[in-house]
Amino acid sequence: MLHELLLSLLGYTGDLIIDEREHQNSLGIPISDDHRSFKLAPDISFIQPSDRDLIERIISLGFYYRELDRFATKSRNLSWIRSANPNNELSNKNLQEKQSVYRRAIANGIVEILSVYRSAVLHIEQKLLSESIPILATITQGLNKFFVLLPPLYELVLEIERDDIRGGQLLNLLHKRCHCGVPELQSCIQRLLWHGHQVMYNQLASWMVYGILQDQHGDFFIRRQEDKDVEHGSSNPDMSEKLARLSTDDASLTDWHLGFHIFLDMLPDYIHMRVAESILFAGKAIRVLRNPSPAFQFKDTVYNQQIPKGAQKNQLSTGHFPFHKESFEDTNLIGEELLPQSEADKIENMLRDLKESSEFHKRSFECAVDSIRAIAASHLWQLVVVRADLNGHLKALKDYFLLAKGDFFQCFLEESRQMMRLPPRQSTAEADLMVPFQLAAIKTIGEEEKYFSRVSLRMPSFGSAVKSSLDLAKTGSTGASLSNASSEISLDGWDGIALEYSVDWPLQLFFTQDVLSQYLRVFQYLLRLKRTQMELEKSWASVMHQDHTDFAKRRNDRLNCSVSQQRRQRFRPMWRVREHMAFLIRNLQFYIQVDVIESQWNVLQAHIRDSHDFTELVGFHQEYLSALISQSFLDIGSVSRILDSIMKLCLQFCWSIENQENNPNTSELEHVTEEFNKKSNSLYTILRSSRLAGSQRAPFLRRFLLRLNFNLFFETTAQGVLNIVRPSPTLAVFSQQ
């Protein structure tokens with residue numbers, strides 16, 4: 001009877017001690033899961049009720065032991081690793097899907113606890129056989145601590161199996177169970193949590209040291225994007241388009257932008273989202289550093305060979321160096337140069353220190369993750385800023401997208417001016433623009449300019465609302481036509497001119513499609529502004545040329561002197577209007593180019609000099625672009641619409657003047673003048689409001705307003721427009737200045 005009792009403590013039943021569930025099933029009686037345990041056989045009558053209760057309490061440990069051992073054996077089963085029979089492929093696949101490395105780790109911890117329990121049972125057996133001591137008292141005293149350990153562990157296992165808990169969810173459950181008032185149970189759960197953290201640290205080491213995601217069973221909180229798409233369906237079609245646009249050779253770029261994400265279901269609650277994002281970034285950065293593009297490897301090899309011989313401007317060239325086959329064989333060393341082995345060892349040692357700690361310390365974990373992230377960000381900064389010459393590309397984008405090369409765009413607009421007077425042809429518009437574009441490049445771009453080859457001109461498809469410049473000049477002057485013209489996206493179809501900038505690896509990490517689209521938005525706005533300014537200047541030059549011609553004719557022909565004098569008097573109010581238009585456009589241009597772009601550019605350059613962190617640099621660049629857009633009023637719909645209307649009115653005014661010789665239409669010019677007067681004063685009223693002028697979104701706005709209103713003319717006119725209804729506006733409204 002003693003040995004049968006001891007065997008039952010190890011999960012083996014017999015005639016004396018039976019499994020209640022098996023006994024009830026043999027009798028055909030259903031039993032609930034809450035009453036499953038070991039019991040004494042009901043036909044044993046020689047045991048006293050008090051002893052029976054004590055024995056059944058003791059042998060319940062055997063039931064818990066058997067269930068925990070069953071869970072451990074099942075979770076540690078590695079038979080699915082072996083090559084499966086083709087006939088059993090489906091069953092093996094299902095078996096593999098139920099596996100979890102975290103469950104296997106917890107099972108290893110449970111096996112440790114059960115081995116201590118078995119040793120205690122063996123010690124009791126040796127003690128009972130060697131001495132004549134009370135049996136039940138000795139067993140109770142020897143196994144007393146397991147009465148507070150095995151039942152909670154059994155409940156834990158039941159919850160894990162019932163709710164199919166795995167991965168980070170399992171760590172979260174164990175972390176919550178650690179907070180209890182029983183020291184023995186707390187240390188036991190902490191040991192199980194330690195085993196689970198060993199798996200997590202191994203996955204973190206693989207991810208943050210080598211950039212490899214080791215997660216066969218979906219337990220880790222970092223997951224591939226395609227896994228999410230397969231489970232939930234791709235809800236963002238733009239994402240797949242961006243993936244298709246990226247080069248197949250640059251898989252690291254795909255991984256960086258769209259490859260991985262944080263799977264919140266597997267993220268333990270005690271790991272903050274900020275820390276998880278740092279882990280995600282560090283792993284992606286390591287993947288980029290360890291897997292450089294083949295084109296970058298080639299370019300970097302050439303650079304390393306030529307730079308010691310004085311390839312820079314301030315050094316003398318000593319000749320050309322032939323390319324050897326050995327250089328191609330050494331390109332696999334580029335990845336090690338981007339992330340030195342000493343740095344990888346440092347990251348691995350940080351994770352090893354965390355792994356060897358007996359307890360999980362949240363602060364130590366977060367400090368280690370921040371340090372690893374800083375290392376990855378620093379080397380990524382070195383790659384993008386130094387090796388890939390980020391600042392040179394930023395300067396090129398400023399030159400071409402922000403019109404810093406004003407001579408180039410002035411030449412381009414002059415060369416294409418006559419062509420832009422006609423509506424663009426949808427089939428050849430882009431090819432037509434390439435001629436003046438290349439001519440402007442030949443005249444203004446030097447041979448030392450190495451970034452111009454990356455810039456290409458594009459003419460997107462346009463809709464049916466396109467009108468020619470001359471057609472707009474000939475339209476009637478009704479308010480409806482003007483409002484319709486001002487509501488159109490493009491004035492004459494040429495406002496859709498776009499630039500594209502070719503970016504190589506690894507600069508796609510910095511210059512994403514969203515960033516380039518923001519540059520393009522500012523470029524199209526600035527190009528419209530510059531085109532408007534040029535048309536106003538050209539109209540003035542044309543009129544002055546005509547005036548000088550008339551003056552020469554007057555000297556030769558005294559009879560027509562009065563006619564030319566009348567024409568000059570008739571056009572004089574128009575020049576006042578043109579001057580007001582040019583005054584507003586010039587000041588707006590100066591404000592954007594000097595107060596906004598140059599000041600923000602200097603701020604960005606200071607950040608680039610001081611920062612050595614890639615993510616900080618991305619943030620500073622985004623602040624730079626956001627400041628350009630906000631301080632240029634592109635994000636304020638009412639202001640941007642007024643500015644578009646003003647530019648359209650200016651162009652329409654210039655084209656109307658050129659047609660004035662052949663088709664005098666004073667009413668149309670009066671209407672354009674009236675509309676410009678209203679729009680310009682509405683613009684001034686909005687910009688001087690406390691919401692804009694008093695806010696920090698446009699710190700140099702007051703300078704712009706001071707230039708506009710240096711003699712209080714704008715303020716006086718704005719008050720007059722808002723408070724006085726003029727019965728018949730005329731061109732003389734500007735003669736008050």
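**View 1. Leucine 433 in helix H22 of the predicted model.** Leucine 433 is placed in helix H22. Its relative accessibility is 0%, so leucine 433 counts as buried. Leaving aside neighbours within four places in sequence, leucine 433 is in contact with Phe412, Met419, Met420, Leu457, Met459, Trp494 and Ile497.

**View 2. Contact of helices H20 and H22.** The axes of H20 (residues 406–415) and H22 (residues 429–444) come within 8 Å and cross at roughly 140 degrees. The two helices are therefore oblique to each other, and their crossing is right-handed. On the H20 side, the contact involves Asp407, Phe408, Cys411, Phe412 and Glu415. On the H22 side, the residues are Leu433, Pro436, Phe437, Leu439, Ala440, Ala441, Lys443 and Thr444. By class, the residues of this contact are nine nonpolar, one polar and three charged.

**View 3. Ring pair of tyrosine 400 and phenylalanine 408.** The structure holds 24 aromatic pairs. In the pair of tyrosine 400 and phenylalanine 408, the ring centres are 6.1 Å apart and the planes stand at 90 degrees, so the pair is edge-to-face. Tyrosine 400 is buried, with a relative accessible area of 1%. Phenylalanine 408 also counts as buried, at 0% relative accessibility.

**View 4. Ring pair of phenylalanine 412 and phenylalanine 437.** The ring centres of phenylalanine 412 and phenylalanine 437 lie 5.9 Å apart with the planes at 85 degrees, so this pair is edge-to-face. The pair links distant parts of the chain: phenylalanine 412 belongs to helix H20 and phenylalanine 437 to helix H22, 25 residues apart. Phenylalanine 412 has a relative accessible area of 1% and is buried. Phenylalanine 437, at 2% relative accessibility, counts as buried.

**View 5. Cluster of aromatic residues joined by ring pairs.** Ring pairs link Tyr400, Phe401, Phe408, Phe409, Phe412, Phe437, Phe452, Tyr519 and Phe523 into a cluster.

**View 6. Packing of helices H18 and H27.** Helix H18 (residues 362–387) and helix H27 (residues 614–631) pack at an angle of about 60 degrees, and their axes are 7 Å apart. H18 and H27 are therefore oblique to each other. Arg373, Ala377, Leu380, Trp381, Val384 and Val385 of H18 make the contact with Phe614, Thr615 and Leu617 of H27. The contact residues divide into seven nonpolar, one polar and one charged.

Key: Residues are numbered from 1 along each chain as its sequence is written. This is a predicted model: local features need pLDDT of at least 70, side-chain atom pairs count only at pLDDT 80 or more; totals for chains, interfaces and linings use all residues. Side-chain values use heavy atoms; hydrogens and water are left out. Axes are lines fitted to C-alpha atoms, for helices over the stretch in contact, and angles run from 0 to 180 degrees between N-to-C directions. Helices (H or I, at least four residues) and strands (E, at least two) are DSSP runs, numbered from the N terminus. Angles under 35 degrees count as roughly parallel, over 145 as roughly antiparallel, 65 to 115 as roughly perpendicular and the rest as oblique. A crossing is left-handed if the near helix is turned anticlockwise from the far one by less than a right angle, and right-handed if clockwise. Contact means heavy atoms within 4.5 Å. Ala, Val, Leu, Ile, Met, Phe, Trp, Tyr, Cys and Pro count as nonpolar, Asp, Glu, Lys and Arg as charged, and the others, Gly among them, as polar. Buried means under 20% relative accessible area, exposed over 50%, partly exposed in between (1.4 Å probe, protein chains only). Rings of Phe, Tyr and Trp (its six-membered ring) pair if their centres lie within 6.5 Å; planes under 30 degrees apart count as stacked, over 60 as edge-to-face and the rest as tilted.
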